[in-house]
Every structure is written in C-alpha cells, then in structure tokens.
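These are my notebook entries on one protein structure. I record what I looked up, element by element.

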Amino acid sequence: MDIFKDLVLPDIMTLTNAIFGLLAIFAAFSGQIELGFVFVLVAAVADGMDGYLARTISQGPMGEYLDSLADAVSFGVAPACLIYLGISGLLRYAAGFFACMYLVCGILRLARFNTKKKTIPDFEGLPITASAVVLSSYALLAPQYIYSWVIFGLLVLLCYLMISDHPYPKLRGPRAMGAVSMLFFSTILSYFLLNSYMWIFSTILFLSLMLYLESPIMRIPRQYYEK
C-alpha cells in the first residue's frame, strides 16, 4: 500500500478528474447525456486545478503519468461514449466512426505531449481537455441549435487541431484563469440550480472556446495569458 504514500494534493485532483470522467461514462450509458457532459466540465476544472497545484506546490513522482491516464478517460473515452450514445438512429454508425477517430487523435495528442519538453511556452496542437470542453459546451446549448452534422464537423476539426502543430497558448495568467473558471462554474452550477438558463452560460463558454481555437490565426499576445 506504499503507493498511496506517493500521492500529493495535485495527484488527488488528477484522480478526481478521472472519477468524474468515469461518472460521465456512467451517465452516458444511463441515458443522461446532458449530465455526462456536465461531468466532463467538472473533470476539466479538476484538470486545471491539478496543473495549478503542481506549479505552486509540487508534483508527485507519478503525477505526470497519472495526468495523461486521467485525461485519456475524461477527455477521450467519456466524450466519445457520450457522442455515440447521444445520437440515435442510423447516424449512430457515423457517430461511432467519428467518436473512434476522436479518441485515436486524442490519445496521439497525449502521447506526443509526454514526449515533448514541458518548458516550451505554447502547446503543440490543441489540448485534449479543450477539445472535450468544446464538445461539451456545444452539447449543452439550447436543443434547437444542436445538429448531428455540426457535431461531426466539430469532431473532424478537433481531430485535426489536436494532431496539428499549431501553437496554442497555455492559460496561466490570473485574468484568463479567472474568466475561464467563472464560465465553467456558471455552466456547471446552472445545470443543477437554474437548468432553464444553462444554455446561456454554455453558449458563452462555447463561443469563448471558438476564440481559443482561432488563437493561432489571430495571434493573441501571450502576455494576456501570463500576466
């Protein structure tokens, strides 16, 4: 049982990330698709917290490996299951294909990240966490704005961006982190407290993520994220 002695606070947040990823999969198979995507957002918050804690406190010897394993579950397998089980009829076959493609590209993105030096200022390719949040925020929009063909288009775009070499800034600055945290918590809490207004917060989150996807093109100054 010595393995538990090696765990530090950032590792516990990483495991929390994985637990909510598993809960999202449970929700998918229970037919609670919306709740599943909310759990993915909670997992993303835990993922952001473990990164922050690892930088401010310290990371345990297993931290780096735990992080990638948890991300594969929460932001790879969970969204793939939710997409597949959330689309019915004949389109489910297409959903299965695109979900598999998404999972493969996500795992490749994580594997490449683990082989790169962590001192570079930007991410190489879109982080898998951001991809999962894009899918989740879109799935939580008002029903009249959700279309299967848009989901398939998003999956193709996210697959390309994850395995691309486009530079994506690391959101570490207090202004950026504060704004993103507010959007995440507003969307998550609105599901449980003000469900009829959740689509408003998820729309803002989705549009914000769209801006982030465009950041390599717009060349947003890195100082905005680091100050």
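I take helices (H or I, at least four residues) and strands (E, at least two) as DSSP runs, numbered from the N terminus. On that basis I read the pattern α-α-α-α-β-α-α-β-α-α-α along the sequence, with 9 helices and 2 strands in the protein.

I note that this is a predicted model, in which local features need pLDDT of at least 70 and side-chain atom pairs count only at pLDDT 80 or more, while totals for chains, interfaces and linings use all residues. Residues are numbered from 1 along each chain as its sequence is written, and side-chain values use heavy atoms, with hydrogens and water left out.

Entry on the whole protein. I looked up burial (buried means under 20% relative accessible area, exposed over 50%, partly exposed in between; 1.4 Å probe, protein chains only). Of the 227 residues, 45% are buried. I then looked up contacts (heavy atoms within 4.5 Å). Of those between residues at least 6 apart in sequence, 79% join residues at least 24 apart.

Entry on helix 1. I compared spans with the expected value, which is 1.5 Å times one less than the number of residues. Helix 1 (residues 9–29) has 21 residues and reaches 31 Å between its first and last C-alpha, close to the expected 30 Å. Its buried residues include Thr14, Asn17 and Gly21. Just after helix 1, I find Gly31 with a positive phi of about 85°.

Entry on Ser74. This residue is found in helix 3 (residues 63–86). Is Ser74 buried or exposed? Ser74 is buried, because its relative accessible area is 0%. I searched for polar contacts (pairs of N or O atoms within 3.5 Å; within protein, one must be able to donate a hydrogen and the other to accept it, and residues adjacent in sequence count only if both atoms are side-chain atoms). The side chains of Ser74 and Asn17 are joined by one of 2.7 Å. A polar atom of the Ser74 side chain also lies 3.5 Å from the backbone nitrogen of Gly21. Beyond neighbours within four places in sequence, Ser74 is in contact with residues including Ala18, Val40, Ala43 and Pro79.

Entry on Asp50. I place Asp50 in helix 2. Asp50 counts as buried because its relative accessible area is 6%. Its side chain makes a polar contact of 3.1 Å with that of Thr14. Not counting residues up to four places away in sequence, Asp50 touches Pro10, Met13, Thr14 and Asp67.

Entry on helices 4 and 5. The 25 residues of helix 4 (residues 91–115) should span 36 Å, and the end C-alpha atoms are 36 Å apart. Among the buried residues of helix 4 I list Arg109 and Arg112. The 12 residues of helix 5 should span 16 Å, and its end C-alpha atoms are 17 Å apart, which agrees. Helix 5 is largely enclosed by the rest of the structure, because 12 of its 12 residues are buried.

Entry on the second largest pocket. About 210 Å³ of space lies in this pocket. Of its 14 lining residues, Ile33, Gly86, Ala139, Ile146 and Ile151 are the closest to its centre. A pocket here is an open set of points on a 1 Å grid over the protein atoms alone, where a 1.4 Å probe fits, with protein on both sides within 12 Å along at least five of seven lines; lining residues have an atom within 4 Å of a point. Grid points are joined across faces, edges and corners, and the volume is the space filled by probe spheres set on them. Helix 2 (33–56), helix 3, helix 5 (128–139) and helix 6 (148–163) each supply at least two lining residues.
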